[in-house]
Amino acid sequence: MKVDIVTIFPEYFAPLDLSLIGRARTSGLLDVALHDLRTWTHDVHRTVDDTPYGGGAGMVMRPEPWGEALDAVAPSGARLVVPTPTGAPFTQAAARELANAEHLVFACGRYEGIDQRVLDHAATRMPVSEVSLGDYVLFGGEVAVLVILEAVVRLLPGVLGNADSLLEESHTDGLLEAPVYTKPATWRGHDVPEILRSGDHGRIARWRRDQALLRTAARRPDLLAALSPEDLDKRDMTL
Ligand SMILES: Nc1cc(-c2ccc3ccn(Cc4ccc(CN5CCCC5)cc4)c3c2)n[nH]1
């Protein structure tokens with residue numbers, strides 16, 4: 001997968017050289033390129049923002065630098081991903097969809113956002129996804145891109161050693177996952193549930209399915225409500 005990130009703070013993305021994403025890059029699974037938006041400014045102050053039409057607090061990012069930046073880094077086959085508080089909620093399903101893309105271009109806004117015409121114009125020649133990480137307001141899109149990229153990259157074949165872990169994790173099948181435990185069997189008076197030490201893999205699988213259902217019902221009834229009876233049957237569960 002090829003990834004291009006356009007930002008006025010390229011240094012924000014230093015963490016991309018660490019851990020799994022760093023390994024994905026060195027192994028050739030992922031090719032990430034950073035671009036400073038100011039590259040496409042032409043005034044001595046390298047201006048990227050201006051006052052908002054219609055008034056209002058703060059500044060808006062000018063369309064010209066963005067237009068030239070996207071002309072340079074986003075071919076028509078690319079998919080443009082723009083974090084914004086007004087976007088569609090970013091979900092595991094959205095991560096799975098983005099993981100299928102050959103080329104992702106991330107536009108990191110700052111100030112009060114990017115002139116809307118940038119996105120409208122880009123949409124005339126490539127798919128544009130405006131995504132929100134949640135109902136809170138960040139200073140800009142960089143942190144959101146780090147989150148989106150991590151969720152997407154871990155789904156790429158070969159990035160996670162044990163692909164099985166993708167099957168049973170939260171939000172993969174619409175439910176939260178069961179609690180996890182490791183040694184010691186007893187710790188500060190707390191025991192690991194006996195079932196998990198029984199070696200009976202059928203009963204363990206059932207216990208985990210039931211725990212997932214109970215946790216989801218208690219913590220995220222919205223996820224439960226979104227599941228169809230067929231989905232629940234698929235996990236061999238009845239309410
Ligand atoms: N899920 C999530 C995503 C973000 C996010 C993503 C990109 C940018 C770029 C700039 N900002 C700061 C920022 C500050 C104030 C407003 C609200 N203003 C009110 C009037 C006009 C706009 C919007 C935007 C971002 C925030 N935040 N949260």
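Author: Start with His190, an exposed residue with a relative accessible area of 54%. The scale is simple: buried is under 20%, exposed is over 50%, and partly exposed lies in between, using a 1.4 Å probe and protein chains only. His190 sits in strand β9, residues 190–191. Helices here are DSSP runs of H or I with at least four residues, strands are E runs of at least two, and both are numbered from the N terminus.

A word on the source. This is a predicted model: local features need pLDDT of at least 70, side-chain atom pairs count only at pLDDT 80 or more, and totals for chains, interfaces and linings use all residues. Residues are numbered from 1 along each chain as its sequence is written, and side-chain values use heavy atoms, leaving out hydrogens and water.

Back to the stretch around His190. Arg188 lies in the loop between β8 and β9. Arg188 counts as exposed, at 71% relative accessibility. Its phi is positive, about 50°, although Arg188 is not a glycine. Most residues other than glycine have a negative phi, and most peptide bonds are trans. Look next at Pro184, in the loop between α5 and β8 (186–187). A cis peptide bond joins Lys183 to Pro184, with omega about 5°.

How far is His190 from Thr91? They are 99 residues apart along the chain, and their C-alpha atoms are separated by 34 Å.

Phe90 leads us to a core. Set aside residues up to four places away in sequence. Phe90 then touches Ala95, Leu98, Val131, Ser132, Leu133, Ile148, Ala151 and Val152. Contact means heavy atoms within 4.5 Å. Phe90 is also among the residues with the most contacts inside the largest nonpolar core, which has 30 residues. Such a core is a set of buried Ala, Val, Leu, Ile, Met, Phe, Trp, Tyr and Cys residues, joined through side-chain atoms within 4.5 Å. Helix α5 gives the most to this core, with 7 residues. A second, separate core of 21 residues includes Leu37, Trp66, Leu70 and Leu119.

Now see how helix α5 (residues 142–153) packs with helix α3 (residues 92–99): the angle is about 70° and the axes are 8 Å apart. That makes α3 roughly perpendicular to α5, a label for angles of 65 to 115 degrees. The axes are lines fitted to C-alpha atoms over the stretch in contact, with angles running from 0 to 180 degrees between N-to-C directions. Ala95, Leu98 and Ala99 in α3 meet Ile148, Ala151 and Val152 in α5.

Trp66 and Leu70 bring us to helix α2. In α2 (residues 63–73), Pro65, Trp66, Ala69, Leu70 and Val73 are buried. They share one side of α2, because they cover an arc of only 125° around the axis. That arc is taken from the directions between the helix axis and the C-beta atoms. An α-helix has 3.6 residues a turn, so residues three or four places apart point the same way. Asp71 and Ala72 are exposed on the other side of α2. The partners of the buried residues include β1 (2–7), β5 (79–89) and α4 (116–122).

Finally, step back. The chain has 8 helices and 9 strands. Of its 239 residues, 41% count as buried. Its C-alpha atoms fill a box of roughly 70 × 40 × 40 Å, taken along the principal axes.

Terms used
Angles under 35 degrees count as roughly parallel, over 145 as roughly antiparallel, 65 to 115 as roughly perpendicular and the rest as oblique.
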